[in-house]
Amino acid sequence: MAELPVLELPAALSRCSGRFTISTLLGAEEGSRGPYAAAEGASCDSAHPTHLSGSTLCTRTFGYNTVDVVPAYEHYANSKGVGDAGKGRPSLADLHSILKPDPGRLCAPVSDPQRSNGLPEAGPEEVAGEPGRAPAPEPVRFGWVKGVMIRCMLNIWGVILYLRLPWITAQAGIALTWLIILMSVTVTTITGLSISAISTNGKVKSGGTYFLISRSLGPELGGSIGLIFAFANAVAVAMHTVGFAETVRDLLQEHNSLIVDPTNDIRIIGVVTVTVLLGISLAGMEWEAKAQILFFLVILVSFINYLVGTVIPATAEKQAKGFFSYRADIFAQNFVPSWRGPEGSFFGLFSIFFPSATGILAGANISGDLKDPAVAIPKGTLMAIFWTTVSYLVLSATIGKRRSTSSGACVVRDASGSLNDSVAVGSPGCEGLACSFGWNFTACAQRQSCRYGLSNYYQSMSMVSGFGPLITAGIFGATLSSALACLVSAPKVFQCLCRDQLYPLIGFFGKGYGRNNEPIRGYMLTYIIAVGFILIAELNAIAPIISNFFLCSYALINFSCFHASITNSPGWRPSFRYYSKWAALFGATVSVVIMFLLTWWAALIAFGIVIFLLGYVLYKKPDVNWGSSMQASSYNMALNYSVGLSEVDEHIKNYRPQCLVLTGPPNFRPALVDFVGTFTKNLSLMLCGNVLVGPRKQKMPESQLMADGHTKWLMKRKIKAFYTDVVAEDLRSGVQMLIQAAGLGKMRPNILALGYKRNWRTASPQSLEDYVGILHDAFDFKYGVCLLRMKEGLNVSRVMQAHVNPMFETAEHPEENGTGGRAAPGTAGGAPCRHRDPLAPAADPATLASEQQASTVFQSEQGKKTIDIYWLFDDGGLTLLIPYLLGRKKRWQKCKIRVFVGGQINRMDEERKAIVSLLSKFRLGFHEVHILPDINQKPRPEHTVCLSCSIKRFDDLIAPFRLNDSFKDEATVNEMRQGCPWKISDEEVDKNRAKSLRQVRLNEILLDYSRDAALVAITLPIGRKGRCPSSLYMAWLETLSQDLRPPVILTRGNQENVLTFYCQ
């Protein structure tokens, strides 16, 4: 623990409502009482309270005078990234590093001490008002009974219960009706368990189902299902409102008081009703909750009234309508199905009934208005499912025992309603079960014109009840409460979706009003959608439309639970334990299967909409990070495959060029990044390395701040690569770290790619030595080397700076060392060995434009040019492989690849045939092969003037680096060599004369053959370590590749095969 001596607190600190910060303590050091003087009256052991009691240093550090603080809720609230510092908690630097004053952190505010160790009721989104204003009123919050259970039960007890359950029982019979109910309940119960688990895995905000799915599966699936679910709820408003309007229409029809006609009456009544419901919703959640309580009481009274009516003996009028109280023979007849009409099928009835079970999400949809969603959603949802299931089973059984049209045991399926149809028991010509009760409904049954009975009369429950108007009131309560719940749910879900800005043009509807942040604009949109579907005026046509949308939501909720469980993420810790990932998977599968069994074309449409919306979000890639299970799954898959890859033996056929690219900041060398990214994309590993040269304390903050930015730049440029950096005392040691530590398991770089060091003649000698030393280090670690040179250079940092500062001068920028590091000034050697950069004039705009254009050369279409490969030495085939991979890409496909190989003039045909045969076995598709017989000849022997010019140019390159030791004694020479190892002795010039002239001659050949090529690939010559000075080696590379317009890649494999023509 980082403890501090007792100090005197400054006066300003007494007014700080919060923990001390480091800077506060340092402020006390400046006082007259020494660095950490004793605090007056501030002892943590004092028995008397002081101004530090409460959320102060003492109470938050259990009595010790320390910078550390005890665990508290506010430290973890709203944390997103792994590296996010919690509010009020000291950083690692505060505890570990040397204290430094920070005037901006004299007071760190801390929340109310009474809430430090508990969960606050208000979410983070409810911020305090602006200073000087009255505090905002507390929003209305509901518990699990009023907010979830009652709301869910009302939404489940919808129009289907009163108007369609008797009719479904008549069609399917009691047995299949129970099966339909239990199938629906199975899906909803599993979904309820899944949503309980998801809602208890962290703090739930507003947004309901969309919030839960999107924060679990990510914005892609969450966004698509959010739109669909909000739309389904808006359509459900129309469904329940049409059910209410049907009941009112039937009442008007019974009294011959139709407004216009049966269909238009439904439309008129429905539009008026939904307008009234909109007014209740706009009045606020408090009024809406009171209306729901009233509806709940009305429905309970209607249930009791119905059950009482089933035991009251039937009157003659009720018997004429098919109600005969409980009869065993009626129960037996109604126990089996009797399919009628176009909907007369099991899944047709299931599609009509299933929407009545979809109300289980009504409580979760107002999650932002609950006191504690983690407790309310599981408890209220599961209790609502239980009680509504019991009510459905009881109602379907009792109505089947007593009626022929409504319920299974009470009502027969067909009845005329006419008192004149009473006959004596056993009368001839009478058919049907009603004959045994003294009623003859044969005529209307044969003509299918019966107005009453379970199969024909939707108001059967009202007929059976003790007092019919109470059933009508129950129908009103059930339909209106369900419509009101959906009218509230749809805008709440849609508001959260709009605020996340996953889709364009919908942000307008995200604005909230009032203390409960009511989505008034969303209410109006839902109202318009509902009115549009109300005009259909047909309940059976509307119900199947939303069944698939709700089933799609259920499938994703269950899949969310399964996926979060199967990924084994440490962040998946739901406090609700009574769920099973396999049950959730079963629920998701069953939901999808039911979708296709109900209406296969509607299921395809639903999936098509989901896939379209999913594709849009995947394409736009919104900048959100919710810690979804998809991210956890990606990590799991990557980890498993990486570990599994370690068990696979390497084979030449599976060789992939995995590149460590010394880019520095990747945006400084875009051409180098594009070049390597082109042939590694979707093929192999690319790792952009950056060496930050300097003291660790200075460079570590830069590393931490810039890493994310560089990674985002790579993604924006569509480069599939990783970025990593190291802090080192010098460039070479940093690259050595990268070479040894980069990669994971078998996914480790095997090629070092870097830029050519253009300024090697003017750079500090030590940086030159480091550059060549890096190449030697790569070979020591058995890396291949790929060196890219462009005429305009690779480093565009000067171009980037010129856009900001037109007066920028080249001397103000880091040297272009081609390695991606930021080399420190050369310090080795004495004055004779030092080289400084001369002051250059202001950058020429034309030059800057040329460099800017060159930075995108590998992103441009290359046309019908050539890629020339000079395979001068056998390096294992890497010189061939990289251009081959490059030529497979779309931008380079039109280029013709030519291969140039050295040979003897008297064996040109034989050697060409041998190379062509070898290349054909490699299956590279290279057919144009040229033999160069004059590589080892002197440069331009036929032109003496040109010969002297070429050789003189090379001599001028190495002249500043020569020791000129021919006339000096050996001791002096050794001393000079020890201080300046990059210097070239006269003996080394003579020994390497032939190799030097070869580079001059090769450059002439390159200029002859490849002046207009799109790319030139050359086998990189190797200088022997300890025998070839770095300046001489760089002179070779300079001479070899100078004056060439196209990009030049100098490649050397590690002398191990990367190509094979064998099958095993």
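1. Which helix holds both F559 and F562, and how many residues apart are they? Both belong to helix α18 (residues 539-566), with a spacing of 3 residues, about one turn of the helix. The structure under review is a predicted model.

2. The count of aromatic pairs comes to 25. For F559 and F562, the ring centres lie 6.3 Å apart with the planes at 45°, so this pair is tilted. F559 counts as partly exposed at 26% relative accessibility, whereas F562 is buried at 11%.

3. The rings of F675 and F858 have a centre separation of 5.3 Å and a plane angle of 50°, so this pair too is classed as tilted. It links distant parts of the chain, 183 residues apart: F675 is in helix α22 (residues 670-680), and F858 is in the loop between α27 (845-854) and β7 (866-870). Both F675 and F858 are buried.

4. The charged end of R521 is 4.0 Å from the ring centre of F508, and that of K290 is 5.0 Å from the ring centre of W287.

5. Strand β11 (residues 1048-1052) has 5 of its 5 residues buried. V1048, L1050 and R1052 point one way, and I1049 and T1051 the other.

6. Strand β11 runs antiparallel to β6 (residues 784-789), joined by 5 bridges, with V785 as the bridge partner of R1052. With β10 (residues 1015-1019), β11 pairs in the parallel sense over 4 bridges, and I1018 stands opposite L1050. From β10 the chain passes through helix α34 (residues 1030-1041) to β11 in a right-handed β-α-β crossover.

Definitions and conventions. Residues numbered from 1 in each chain as written. Predicted model: local features only at pLDDT ≥ 70, side-chain atom pairs only at ≥ 80, totals over all residues. Heavy atoms only, no water. Buried < 20%, exposed > 50% of the residue type's maximum accessible area, 1.4 Å probe, protein only. Helix = DSSP H or I, 4+ residues; strand = E, 2+ residues; numbered from the N terminus. Pairing = 2+ DSSP bridges. Right-handed = clockwise from strand over helix to strand, strands pointing away. Phe/Tyr/Trp six-rings, centres within 6.5 Å; stacked < 30°, edge-to-face > 60°. Lys NZ or Arg CZ within 6 Å of the ring centre and 35° of its normal.
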